[in-house]
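Good morning, colleagues. Please look at the model on the screen while I speak about its domains and its chains.

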Amino acid sequence: MKNLLSMDEVSTEEIMTILNRAAEFEAGAQPQLEKEYFVANLFFEPSTRTKTSFEVAERRVGATVIPFDTGFSSVLKGETLYDTVKTIQQSGIDAVVIRHKQDAYYEELLEGLDVAIVNAGDGAGQHPSQSLLDLYTIYKEFGRFEGVQVTIAGDISHSRVAKSDAIALEKLGADVHFVCPPEWQGEFNAQHEWDQQIETSDVIMLLRVQHERDAAYEGFTTESYHAKYGLTVEREKQMKDGAIIMHPAPINRGVEIDSSLVECERSRIFAQMKNGLYIRMAIMEQILKGRD
Amino acid sequence: MKNLLSMDEVSTEEIMTILNRAAEFEAGAQPQLEKEYFVANLFFEPSTRTKTSFEVAERRVGATVIPFDTGFSSVLKGETLYDTVKTIQQSGIDAVVIRHKQDAYYEELLEGLDVAIVNAGDGAGQHPSQSLLDLYTIYKEFGRFEGVQVTIAGDISHSRVAKSDAIALEKLGADVHFVCPPEWQGEFNAQHEWDQQIETSDVIMLLRVQHERDAAYEGFTTESYHAKYGLTVEREKQMKDGAIIMHPAPINRGVEIDSSLVECERSRIFAQMKNGLYIRMAIMEQILKGRD
Amino acid sequence: MKNLLSMDEVSTEEIMTILNRAAEFEAGAQPQLEKEYFVANLFFEPSTRTKTSFEVAERRVGATVIPFDTGFSSVLKGETLYDTVKTIQQSGIDAVVIRHKQDAYYEELLEGLDVAIVNAGDGAGQHPSQSLLDLYTIYKEFGRFEGVQVTIAGDISHSRVAKSDAIALEKLGADVHFVCPPEWQGEFNAQHEWDQQIETSDVIMLLRVQHERDAAYEGFTTESYHAKYGLTVEREKQMKDGAIIMHPAPINRGVEIDSSLVECERSRIFAQMKNGLYIRMAIMEQILKGRD
């Protein structure tokens, strides 16, 4: 794997290779890189978990990480993303992990550069490393994807996680459903009530409500959203045996999920973050090995 | 020691253990950690010396340090501190060093987490690592605490250093005095003139005047504050033989201390920073060993 | 070499030592530092390439790099640069690489400190590491400096690169010419038309037009500046055989250079950045060895 850009391009074989390698790392396997690689994380949008997770994973596989302060860089001087990345490459960097507000920003980086690119989120596009850790979380739980019922609920139209997960899960044979207000379904065919979905899903994946964008929609309050689309204490009780709760975080407690459910028995929310470490170790090892 | 939160909770035995270990590091001892530990520094308030000191100390004891940009994190998206710290923990971090504007922010972190916490300053609460380096500076100078006369002068009510030092020094048998304007004494019983204090103190510890808060008080100018409460060239001459000057810095030259005294013979100001390195190595070694 | 401050102070012997060592690094030589050194990069002005280049070079020579967030430091609290740097030194740092908006900021750091200083740009002063990588780029191309015709074009009066390069190149026997609008020539004797310079130069070095300062000058538009002073497609065709194009970057594509020329055969722009890595490895090795 030369780059990791979107889940459209990753084959089911490549997915399973990464999931299996993550499982090996979780079981204590040591990374197998044979030389020193230099990596930089270019996060042009805020991030805690994704950036921290990559920072740890890169070091765990033995890479040397070069800090890059996007808020203080020449991008401020109007430099193109291509020129910034080429500059970084020429300083001796093997791979860059990029989050950027522009959809498919990586397209302008595919020619003329000799640096591996890992997409850590492009605009309203995709978020492949999050998707892979979601897949790993589901696979650890159910041992398969075929026929697993996954319901994704929340602001689907703005969610790169929803997009990446839907593509990957369908490729792997899971059944993906969506629950959200009509205004938020975007390209997806969603239901606008929970109805029986709450009882039939193996996985309920809640998405963050983007506070900053709420005003643009039809006037939900925190409470009315929670009551209609959130995972309330009552709804959790209707979930079937063995069903799990996921959330890519950061969480709005009391909006998309009742605060008391964040660490309940069904919740895999913090487990997802732990899984993210092993997944990103697997990704970075693959990507860096791909440099040889 | 599992966490380092406030000097109330640290016993005199624990203090002496850290001071002695710092002395060993200063004499060239090598740290004794037996595995790789990951540490993150979460400074939600500006800091040069404390953060830099921890960054170096952590690497010196062999920890791997993961960068965390608080100004660019999900905290901006309204995430709770608990969720942020739990996220970091799940990414594989063993210990976090936190500075945060909220008093006793760490209380909400004591349940549900499995990460060591080192308090690098909580609101107007405490600053235990600074206190320990102050203790080390005094102990190196006098070889004891019993009966040592320490005068702390300046904006005591807002100073977490004053609070931590007062608690620790009294526990160790030193006599602590305070000199400040009436409005700044907070919970402490302070004198409002230097008087004979200048001649009887073994240690004069000056605190930074917080420019941003000055307006709230009774209209000192830089000059009038310096004349009444600052360490002037004249006052330094009255200090007794062997007495030393301390300051937690950053310094306002010409306000709490005459600029020419910052590096005078009595001054231990820059020595304090050097001592801070050894103290923080001792703290981090203890805390990380406490993980096993 | 104890510090690297300005090209005035660096002898031709010292320059050639660094250039030769950079060539060794480029050929695969391993650095020869015998102990652990700690380095911090203090960039008080935005930078991508210079900072990244130092960050990689420092790690490549085996130094431990301590992060320092200038936008979040005690400098905000009004601390002097001297006190900030002394603090950092006392935390156990051997060398600091500084970029600061004040001309010759380093003068106040020459007494009282025991830390090596590498100037990464001082106000409208100098930029010695950029100059050394420019020299290396020219030397690799022509194998000599004597008689090489170098034309520097653009906002010369505000350019620390122009200043450092002019001083160094003349010292080494090259002939340096300047092309720029009358208002931008500063202390240099410049031509205000390209004329025959385009045909006789071995090196055409373009400088960034500082958008933010444009208004102060006589009303060029992007197009009119490019037509009169930029390297247009037509001008490139007039350049002599073997002549090269250089630019310290970041580039304003379409202003000082036509976008299509940025990676043309004559261009050494991205090669300069790669050369920067080897040059900065040589600088840091020298500086850190100078600590013993």
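Predicted model: local features only at pLDDT ≥ 70, side-chain atom pairs only at ≥ 80, totals over all residues.

How much area do domain 1 of chain A and domain 2 of chain A bury between them? The figure is about 2100 Å², with 59% of it on carbon and sulfur atoms.

In the domain assignment of chain A, domain 1 is made of two stretches, written 12–126 + 274–289, while domain 2 covers 128–272. Their C-alpha centres lie 26 Å apart. For the contact, domain 1 of chain A provides 27 residues and domain 2 of chain A provides 24 residues.

What holds charge against charge at this boundary? Across the interface of the two domains of chain A, the rule finds two salt bridges. Arg160(A) and Glu45(A) meet through their side chains in a salt bridge, at 3.2 Å from N to O. Polar contacts are also present, with a count of 16 residue pairs between domain 1 and domain 2 of chain A, both residues at pLDDT 80 or more.

Which elements supply the domain 1 side? Those of chain A that give two or more residues to the side touching domain 2 are helix H1 (12–26), helix H2 (49–60), strand E3 (95–100), strand E4 (116–122) and helix H10 (269–289). H1(A) has the largest share of that side, eight residues. Sorted by class, the residues on this side of domain 1 are ten nonpolar, ten polar and seven charged.

A rotation of 120 degrees, with 0.0 Å of shift along its axis, superposes chain A on chain C with an RMSD of 0.0 Å. These two copies are thus related as by a three-fold rotation axis. Chain B, in turn, can be laid on chain A by a turn of 120 degrees and a shift of 0.0 Å along the axis, again with an RMSD of 0.0 Å.

Which residue of chain A comes closest to the rotation axis? That residue is Pro67(A), whose C-alpha is at 4.8 Å. In chain B, the residue that comes closest to the axis is Pro67(B), with its C-alpha at 4.7 Å.

Finally, consider the contact between chain B and chain A. Each chain is represented by 25 residues, and the two chains bury about 2200 Å² between them, 57% of it on carbon and sulfur atoms. The count of salt bridges between chain B and chain A is three. In one salt bridge between these chains, the side chains of Arg253(A) and Asp83(B) meet at 2.7 Å, N to O. There are also six residue pairs in polar contact between chain B and chain A, both residues at pLDDT 80 or more.

On the side of chain B that touches chain A, strand E2 (64–66) and helix H3 (81–90) of chain B each supply at least two residues. The largest share comes from H3(B), with seven residues. By class, this side of chain B has eleven nonpolar, ten polar and four charged residues.

Thank you for your attention.

How values were computed. Residues numbered from 1 in each chain as written. Chains lettered and ligands numbered in written order. Heavy atoms only, no water. Least-squares fit on C-alpha atoms with pLDDT ≥ 70 in both. Contact = heavy atoms within 4.5 Å. Buried area = accessible area lost by both parts, 1.4 Å probe. Salt bridge = Lys/Arg side-chain N within 4 Å of Asp/Glu carboxyl O. Polar contact = N/O pair within 3.5 Å; in protein donor to acceptor, adjacent residues only side chain to side chain. Helix = DSSP H or I, 4+ residues; strand = E, 2+ residues; numbered from the N terminus. Nonpolar A, V, L, I, M, F, W, Y, C, P; charged D, E, K, R; others polar. Domains from an automatic or database assignment.
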